[in-house]
Amino acid sequence: MKPHPLIRSLLLGNRSWEQFSILLARVSLGIFFAVSGGNKLLVPSHTRQMYKTLVGAGIPFPHFMTYFVSSVEFISGCLLIIGMLTSLCCAALIIQMIVAIATVQLATLPKGVSVLDWLDDFLYLPETLYIIILIGLICSGPGRVSVDDRIARALGYLRDKNYDIG
């Protein structure tokens, strides 16, 4: 007996929407990081706030790091939007998010709470969720609507439409 398509979709998802979800995740995170990094680079009040945050976290060379971190966010975000060097950009942003969690965000979590409450607060951090989505993009690839896909096709790395790597 063949299951009803709606039941099958509820249980197993719908692969026909998979490329859309990859595109949505990649572009939305790309826009977020491009805007965030751009603001830190181009808006003096945001640049000062970023500098103060880095000084408060004890990051060495805070003046240089203010511009470096902001540039990585901006450039990686822009490249994610078009889907170019996606895995490299995701890796760079994951490193930044880990540093942000370790140097700033962990100190904001409440002390003396149960393990489950602490885990709940930790998983609620935006940086944690960004890391999870970025790992998903590394695993899934940039999707068909990307510069990376066009380059891979031009170089003959894709054999068919199912993304079998040859």
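The largest pocket holds about 580 Å³ of space. This is a predicted model, in which local features need pLDDT of at least 70 and side-chain atom pairs count only at pLDDT 80 or more, while totals for chains, interfaces and linings use all residues. Residues are numbered from 1 along each chain as its sequence is written, and side-chain values use heavy atoms, with hydrogens and water left out.

A pocket is an open set of points on a 1 Å grid over the protein atoms alone, where a 1.4 Å probe fits, with protein on both sides within 12 Å along at least five of seven lines; lining residues have an atom within 4 Å of a point. The volume is the space filled by probe spheres set on the points. The lining of the largest pocket has 26 residues, and Lys40, Met50, Val69, Glu73 and Ala100 lie nearest the centre. At least two lining residues come from each of helix 2, helix 3 (44–56), helix 4, helix 5 and helix 7; helices here are DSSP runs (H or I, at least four residues), numbered from the N terminus. Helix 5 gives the most, 8 residues. The lining has 16 nonpolar, 7 polar and 3 charged residues. Asp, Glu, Lys and Arg count as charged, Ala, Val, Leu, Ile, Met, Phe, Trp, Tyr, Cys and Pro as nonpolar, and the others as polar.

Next comes the nonpolar core, a set of buried Ala, Val, Leu, Ile, Met, Phe, Trp, Tyr and Cys residues joined through side-chain atoms within 4.5 Å. The largest one has 18 residues, of which Phe33, Leu80 and Leu134 touch the most other members. Helix 2 (18–42), helix 4 (62–82), helix 5 (86–105) and helix 7 (126–140) each give two or more residues to this core, and helix 5 supplies the largest share, 6 residues. Apart from neighbours within four places in sequence, Leu134 is in contact with Leu29, Leu80, Cys90, Leu93 and Ile94, where contact means heavy atoms within 4.5 Å.

Aromatic rings pair if their centres lie within 6.5 Å; planes under 30 degrees apart count as stacked, over 60 as edge-to-face and the rest as tilted. The whole structure has 6 aromatic pairs. Phe32 and Phe33 form an edge-to-face pair, 5.0 Å centre to centre with 70° between the planes. Phe33 is buried at 1% relative accessible area, whereas Phe32 is partly exposed at 34%; buried means under 20%, exposed over 50% and partly exposed in between, with a 1.4 Å probe and protein chains only. The rings of Phe64 and Phe68 are stacked, because their centres are 5.8 Å apart and their planes at 15°.
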